Amino acid sequence: MTAVLERHHSESMNDLGDLEFDPVAREPVFERANEFVRDRALREIGTGQRLLRIDLAEGGVLTGPPYDLSWHLGNGGPLGRMGELFTASGEPESTSGAGIVVDNPTSRTLHVSVTPIGHHRYSWIWADVHGLSSRGGLATVAYRSGDPSPVFTRRATLWNVSGGDLPNSGNIAVLPTIPPAVLAGETGEGPVGDASDTVRPPLSFRFPVAPITFYAEPGERHIVWIWLWQMFRGDDRGFLALHTATVNGFAVSSAPPTVLH
């Protein structure tokens, strides 16, 4: 049993790809999400099923809900298949996501770009700065069917707060109360595809979660996934974090790779 668990843990770490350097990405919420999507990729998702899949061709296509896949965990909304994503604090791990299946029925290798279209909004507020921590954001991942390693993965941390180190800059409002304590909160929103880690000086670069890009060989099937994630530790009394998103559609474009000589 121990050997099996260690093997699954090792596979999960390998599947994090370019997120592997980040200790936060190794927490269970990311491992569970990667395992969920990887499992469906390994099982040839959609074989024998009627899917609203996208058949690639040179050019672009736009698809909307209902989507092929949805998944939620903890305080995560179950309506991902309809494009409505939601997470709330209170559980150690909460996720809500939606996914699509992309096929390449052509005889050519295609470079694929997928951009989720929609809007997200998050907010948190608490009245006690001790004994809890919260962080959350948006993530994307793409798998080739039958392959345990993702072809694309990216995560954006939109908030990261803890009771022992309450931030007091940016758009975070901190108000004095009596007796001495802290009432703090933050709100943010924007297009789902533009979500990226907060960049602080002296850094100036950012890595949004989209577009999701990969190469699709002839006959290959891919799963593309967008999801909200949230992690929480401590006593939730006096604290609330909410994150919602509406994914109205996915814009998919594909073309033969461009070779520069």
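**Figure 1. Asp103 and its partner Arg221.** At 9% relative accessibility, Asp103 counts as buried (under 20% relative accessible area; exposed is over 50%, partly exposed in between; 1.4 Å probe, protein chains only). Asp103 forms a salt bridge with Arg221, the closest N and O atoms being 2.6 Å apart (a side-chain nitrogen of Lys or Arg within 4 Å of a carboxyl oxygen of Asp or Glu). The pair links Arg221 in strand 12 (residues 221–234) to Asp103 in strand 5 (residues 93–103), 118 residues apart; strands are DSSP runs (E, at least two residues), numbered from the N terminus. Arg221 is likewise buried, with a relative accessible area of 14%.

The model is predicted: local features need pLDDT of at least 70 and side-chain atom pairs pLDDT 80 or more, whereas totals for chains, interfaces and linings use all residues. Residues are numbered from 1 along each chain as its sequence is written, and side-chain values use heavy atoms, without hydrogens and water.

**Figure 2. The salt bridge between Glu189 and Arg121.** The side chains of Glu189 and Arg121 meet at 3.1 Å, N to O. Glu189 belongs to strand 10 (residues 181–191) and Arg121 to strand 6 (residues 110–126), so the pair ties together parts 68 residues apart in sequence. Arg121 is partly exposed, at 40% relative accessible area.

**Figure 3. The network of Arg144, Asp147 and Glu220.** Salt bridges link these three residues in a network. Within it, the closest N and O atoms of Glu220 and Arg144 are 3.2 Å apart. Glu220 lies in the loop between strand 11 (212–216) and strand 12, and Arg144 in strand 7 (residues 132–144). Glu220 is buried, with a relative accessible area of 18%, whereas Arg144 is partly exposed at 23%.

Conventions. Helix = DSSP H or I, 4+ residues; strand = E, 2+ residues; numbered from the N terminus.
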